[in-house]
Amino acid sequence: MKIAVAGTGYVGLVTGVCLAEHKHEVTCVDVDEKKIEKMQQGISPIYEKGLPELMKKNMDRLTFTTDYKKAYADAEVIFIGVGTPEKVDGSANLKYVYTVAKQIAESVERDCVVVVKSTVPIGTNDKIENYIREHLTHPVEIDCVSNPEFLSQGTAVRDTLHAARIIIGAEKEKAGNVLMKVYEDFEAPKILTNRRSAEMIKYASNDFLALKISYVNEIANFCETVGADIEDVAKGMGMDERIGNKFLKAGIGYGGSCFPKDTKALHWLGNYYDKEFKTIKAAIEVNDNQKLKLIKKARQYYSSLEGLTVAVLGLTFKPGTNDLREAPSILNVGILLDDGAVVKAFDPVAEAEFDRLYPGKIKYCELPEQALEDADLCMIFTEWEEIKNLTPQTFCNKMKKPVILDGRNCFQIREFEDLPLIYDSIGRRTVRNI
Ligand code: UDX
């Protein structure tokens, strides 16, 4: 089928490339000319496993352009995959979605289905459909279909090609069937529902996962108080199929481009309808506190952070991506710098991005061992393999005073047991040998 995709971020680009892999003719549209030029050469503008290879493989079915008019004019299906960032009040900012909707209205010259992949508040598809219909410049029929995206960064290609489910929210059978045809060759179970339910499924899923993480983090904090071990507790909980063993990993809180914004957006929407989501509010509050957990721990070991050399290991919100959005490291490094600490950081992919946030203020190291050199404190924010592969002895050998605060429980406690150091992680007993 002839498909256009608006937006070449994680959602748009991965969707476009995976649809090309399934033999569709795909035109990816973006306003950023530099990005388009890169993609025309087969270079992926985002760090995502398997994406460059898949792009190259399907280049004969992929077109990248800033010329939206041409791309939309004769497309049978147009996917909207632009961002819906958070506004200051927590609500979703739909300006990019509406910009694309306007461009679609001005450009389409044949009947087509507009598919909203971006995460949008419940009821938005109805509004977008009306908006496009009102602004059409050609006598054509358009229908909006909600088709939320569930990909995770780092595994986006796999999550799309082997999706757990494909949700299709349509008001008209005909429009729903067009999407069924788009996804004909995808093996995932397809759920056909109405548009508002599809929109709701997306928020309900993301916010449930965020809630699950905040719940386990709160349990982890309590484990520290009562002397239980969160790893064992999570394992014991996860064996119950009703609970499931995924997303029970305690840490310094969720970050990324989705959970923080989608929890706030649904909470905002609830309040808008005078139906506050109390569970989501709690998940947000717990996460905000959790992000500060390592700094609070640091202050237990040092009355002042001024003049300390701090090794910061991992900067991204999770491994496998160079995305720093809402990464707990950002807040913590800001506090460290404000308190006068000297920060040496290691991250395998996010150095350049992070330097834009704190230009010239951090010494970046190519290896985690270099960051540890002469450090008074080590804080771990991301469970990259390079960090997990460090031996406990390395911390002792390299650091001036080995105080290790592990925000991702990268190591087994027993590995540190007999060493002259402090190893303090999340929801587990602290090894304190100095
Ligand atoms: C998430 C959803 O998983 C995905 O379905 C949705 O489409 C977009 O949002 P993503 O943000 O890429 O994907 O990452 P994810 O792997 O879900 O992790 C989000 C955050 O939660 C990370 O900071 C991660 O470290 C944290 N997390 C995840 C935990 O702290 N514990 C866990 O058990 C799982």
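Reader: On what basis are the residues and values reported?

Author: Residues are numbered from 1 along each chain as its sequence is written, and side-chain values use heavy atoms, with hydrogens and water left out. In this predicted model, local features need pLDDT of at least 70 and side-chain atom pairs count only at pLDDT 80 or more, whereas totals for chains, interfaces and linings use all residues.

Reader: How many residues surround the ligand, and which are the closest?

Author: A residue belongs to the shell if one of its heavy atoms lies within 4 Å of the molecule. Here 18 residues surround the ligand, and Phe150, Leu151, Gln153, Lys249 and Phe317 are the closest. The shell comprises nine nonpolar, four polar and five charged residues. Helix α9 (residues 195-226) contributes the most to the shell, with three residues; helices are DSSP runs of H or I of at least four residues, and strands are runs of E of at least two, both numbered from the N terminus.

Reader: Which polar backbone atom lies 2.8 Å from an oxygen atom of the ligand?

Author: A polar contact is a pair of N or O atoms within 3.5 Å. The backbone atom in question belongs to Phe150. Ser152 places a polar side-chain atom 3.1 Å from a ligand oxygen atom, and a backbone N or O atom of Lys249 is 2.9 Å from a ligand nitrogen atom. The protein covers 90% of the 660 Å² of accessible area that the ligand has on its own, by the Shrake-Rupley method with a 1.4 Å probe.

Reader: What span should helix α11 have?

Author: The expected span is 1.5 Å times one less than the number of residues. For the 14 residues of α11 (residues 259-272) this gives 20 Å, and the end C-alpha atoms are 20 Å apart, which agrees. Just after α11, Asp274 has a positive phi of about 60°.

Reader: Is α11 mostly covered or mostly uncovered?

Author: Buried means under 20% relative accessible area (1.4 Å probe, protein chains only). Ten of the 14 residues of α11 are buried, among them Phe259, Leu266 and His267. These buried residues pack against α9 and α12 (278-290), where contact means heavy atoms within 4.5 Å.

Reader: Where is His22 found, and is His22 buried or exposed?

Author: His22 is in the loop between α1 (10-21) and β2 (25-29). His22 is buried, because its relative accessible area is 19%. Beyond its neighbours within four places in sequence, His22 contacts Leu161, Asp185 and Phe186.

Key:
A polar contact is a pair of N or O atoms within 3.5 Å; within protein, one must be able to donate a hydrogen and the other to accept it, and residues adjacent in sequence count only if both atoms are side-chain atoms. Ala, Val, Leu, Ile, Met, Phe, Trp, Tyr, Cys and Pro count as nonpolar, Asp, Glu, Lys and Arg as charged, and the others, Gly among them, as polar. Buried means under 20% relative accessible area, exposed over 50%, partly exposed in between (1.4 Å probe, protein chains only).
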